[in-house]
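Please look at the sequence and the structure shown here before reading on. The text after them goes through selected parts one at a time.

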Amino acid sequence: MKKITLIIALLFMVQLSIAQDTCLGATAISGSGIYAVGVMNGTAATVICADNGANNQTSPGPASEWFIYTPTQNRTVTVSTDIAANTPRKDTRFHVYTGSCDALTCFAGNDDAGEEFSSVATFNVTAGTSYIIAFDNIWLNVSQNTGFSFQLTEAPVVVPPVNPINYVTQTISTINSTYNICVTDINGDHLDDIAGVSNNNLRVHYQGAGGTFTVTDIPVAGTHYLPTWSMAAGDYNRDGKTDLVLGAYEGLSILKSTGTGYTNITPGDYIFCQRTNFADLNNDGNLDIFSCHDIAPNCYYLNGGGTDQPLTFYQANVTPGAMKLGIVRGNYSTLFSDFDNDGDTDVFISKCSGVPCELHRNDGGGIYTDISAATGLNQMPIQTWSSAVGDFDNDADMDIIITASSGAHNYFRNNLGTSVAFTNITAGSGWDTNNSINIDNVTYDFDNDGFLDVLGGGNKIMFNQHNSTFAPVSYPGIGTGAIGDLNNDGFLDIQNGNTIRFAVPNTNKWIKVALQGIQSNINGIGARVEIHGAWGTQIRDIRSGEGFEFMSSMNAHFGIGQATTIDQVVIKWPSGLVDTYNNVTPNQMLLVVEGATLAVNSFNNNQVFSVYPNPANSVINIQLNENSNVILKSAAIVDLSGRIVMTTNDLTQAINVEKLATGTYILSITDTNNKHYGQKFIKE
């Protein structure tokens, strides 16, 4: 009798194994539980679903194992191989289908959302509908193909919120350059344009009224790289036109404006570029060029300023005297932001290739200190090609969502002023259940409700719920791209290839702040913009380069919900100057010229010095204040168009301004620690 029972049991096991080898014979599973997947030797899945992670393949695995699940109630379901039963984890992939075996329709799936390339996906299911789950062996080698388990977990349905913002999709056939990954102001009118790059050609769609565009092709002579990895924009030669950095496998190229056209500069230094940026690394008022290096320490070019803007190459930990901003491999994206609110720009580096993320504190004088371990931001194991940095809780400091390209997301709140600077608040935030991974993740206030949202993977936007939690809202086919206000209506649009998703305005109000630097770099990159009102304080840092690949608008964009006024707009420039506007009307673009609100008879230099006489006719004198212990090094006089009209290194003598035209100027002074001070004066 025992022998017969054993034979029956063995036959049942064989039937079970055979049963899950085909779609028609898929093993039926029901309810929450852990289920065994046998050796992969069944019929291969021929339909490959999208949203399967950073390593999604268009080809099927050689073999699959099949299951069918029919819920009895509407549920939110999670399928995961990232479970203790699989120790160590295996590199799994699965697809979820609806329909019949001869007409499968993709519904969900995942490749690498779990630890060590295991798979996790969460999706809503409908009672009575059958869902076919197929695991394949695209990544399993022979030694690993010994079976594993997966867990199916049922939970009450998570109902997404009503769409906070809707989009109208428009295809523009003339956006057809080889790389169409840049939305920013190109011609200096502070309206966002679209820039596309091909070999020897820059095609610009200049924004006109009502979202119309004028297309202009600008030839670029010589051999230059294409932005196979990323693109950044900024006016580094201060001529009022935007220059572009193109990051490639072999190095980078610069398309430099000549006023009437563009010329190509390709320095020739080997960099396996990932994210590229413009940033004023040494705070001298000139934009420098930074590039992440995939397989070696990071690199940058310091801008020598002057007429020719000579570029000097540095590599961290290699070039003597180089700033140590990422001295090991795996550097994928950089976000320049003031994390400690001390007025200078720190650097967060998203890392891949098996090394932890890095946060570098700017200590001045070109010294950066790696505080990743001290702040708990050196996350492992995780792969992240980009991260979302912004003030998600509107408490006037920058938080970080380390968004995964493989593994799990991590949400860190900035606790400025405490002994531990950041706290991991992922649990319960919505990021713990967001299993969509992506190489590009960016944060903007898409619905203008006054709180920053995140666009990443999974054809959805993670909308900020105003309480340190996020809720996903799906938009079929939506993906990351270059972001800006492409029809000047105050709502952010998304450009991806030749498709633009124009936001349909809701009733929320907004303000855009466009900057023109005088003493600082002309784009105001590195400036902090604050708006104060009934909501408290919102902040934006002006950056050239968000996420991993794309270049987006450099205008500071804020939503303010249903508020009817903005109590104060404050711009803190890299130079140290502060411009303040009171009682600002919403639903407008505010153009701020550096120093415009600084009264002539006051100064913004932390009481370090005074200037007399003011107004001046022939000379001005600089008088250090009695309690000041700084040593002044040099001075420049800048007119209100941003042009440097005079410089001097001798501050012991009066400065002769007799030849200056009548008007208002800014005296920009630098001390021996390269800190800047500003004072407005009038030349009579």
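The model is a predicted one, and residues are numbered from 1 along each chain.

We begin with a sheet. Strands β11, β12, β13 and β14 form an open sheet, arranged in that order, and the pairing is antiparallel. At its edges are β11, which covers residues 179-184, and β14, which covers residues 213-219; each of these pairs on one side only. From one strand to the next, the twist averages 20 degrees. Strand β13, made of residues 201-207, pairs with β14 over seven bridges, in the antiparallel sense. Within this pairing, R203 has D217 of β14 opposite it.

Is T184 buried or exposed? Its relative accessibility is 1%. Buried means under 20% relative accessible area, so T184 counts as buried. Leaving out residues up to four places away in sequence, T184 touches L191, D192, D193, A233, T242, M551, S552, S553 and M554.

The next sheet is built from β15, β16, β17 and β18. These four strands form an open sheet in the order β15-β16-β17-β18, and the pairing is antiparallel. The edge strands here are β15, residues 230-234, and β18, residues 262-265, each of which pairs on one side only. The twist from one strand to the next averages 20 degrees. Strand β15 pairs with β16, residues 243-247, in the antiparallel sense, and five bridges connect the two. In this pair, G234 stands opposite D243 of β16.

Now consider F150, a residue of strand β9, which runs over residues 148-155. F150 has a relative accessibility of 0% and therefore counts as buried. Which residues is F150 in contact with, leaving aside its neighbours within four places in sequence? They are I29, G33, I34, Y35, V37, F67, V79, S80, T81, I83 and F135.

Strand β45, residues 609-612, and strand β46, residues 619-624, run antiparallel and are joined by four bridges. The two form a hairpin, with six residues between them. Across this pairing, V611 faces I622 of β46, in the sense that the one stands opposite the other. Strand β46 also pairs with β49, residues 655-656, over two bridges and again in the antiparallel sense. Here I620 stands opposite I655 of β49.

Strand β47 covers residues 632-639. How many of its eight residues are buried? Seven of them are, so β47 is largely enclosed by the rest of the structure. This strand has pairings with β50 and with β48. Seven bridges join β47 to β50, residues 663-671, and the two run antiparallel; I637 stands opposite L667 of β50. With β48, residues 644-648, β47 pairs over four bridges in the antiparallel sense, and A635 stands opposite T648.

The structure holds three cavities of 30 Å³ or more. The largest cavity contains about 240 Å³ of space. Its lining consists of 19 residues, and those nearest its centre are Y444, R540, D541, R543 and E546. Sorted by class, the lining has eight nonpolar, five polar and six charged residues. Which strands each supply at least two residues of this lining? They are β27 (388-390), β31 (442-444), β40 (536-541) and β41 (556-561). The largest share comes from β40, with three residues.

Notes:
This is a predicted model: local features need pLDDT of at least 70, side-chain atom pairs count only at pLDDT 80 or more; totals for chains, interfaces and linings use all residues. Side-chain values use heavy atoms; hydrogens and water are left out. On a 1 Å grid over the protein atoms alone, a cavity is a set of points where a 1.4 Å probe fits but cannot get out, and a pocket is an open set with protein on both sides within 12 Å along at least five of seven lines; lining residues have an atom within 4 Å of a point. Grid points are joined across faces, edges and corners, and a volume is the space filled by probe spheres set on the points. Ala, Val, Leu, Ile, Met, Phe, Trp, Tyr, Cys and Pro count as nonpolar, Asp, Glu, Lys and Arg as charged, and the others, Gly among them, as polar. Two strands pair if DSSP finds at least two bridges between them. Buried means under 20% relative accessible area, exposed over 50%, partly exposed in between (1.4 Å probe, protein chains only). Contact means heavy atoms within 4.5 Å. Axes are lines fitted to C-alpha atoms, for helices over the stretch in contact, and angles run from 0 to 180 degrees between N-to-C directions.
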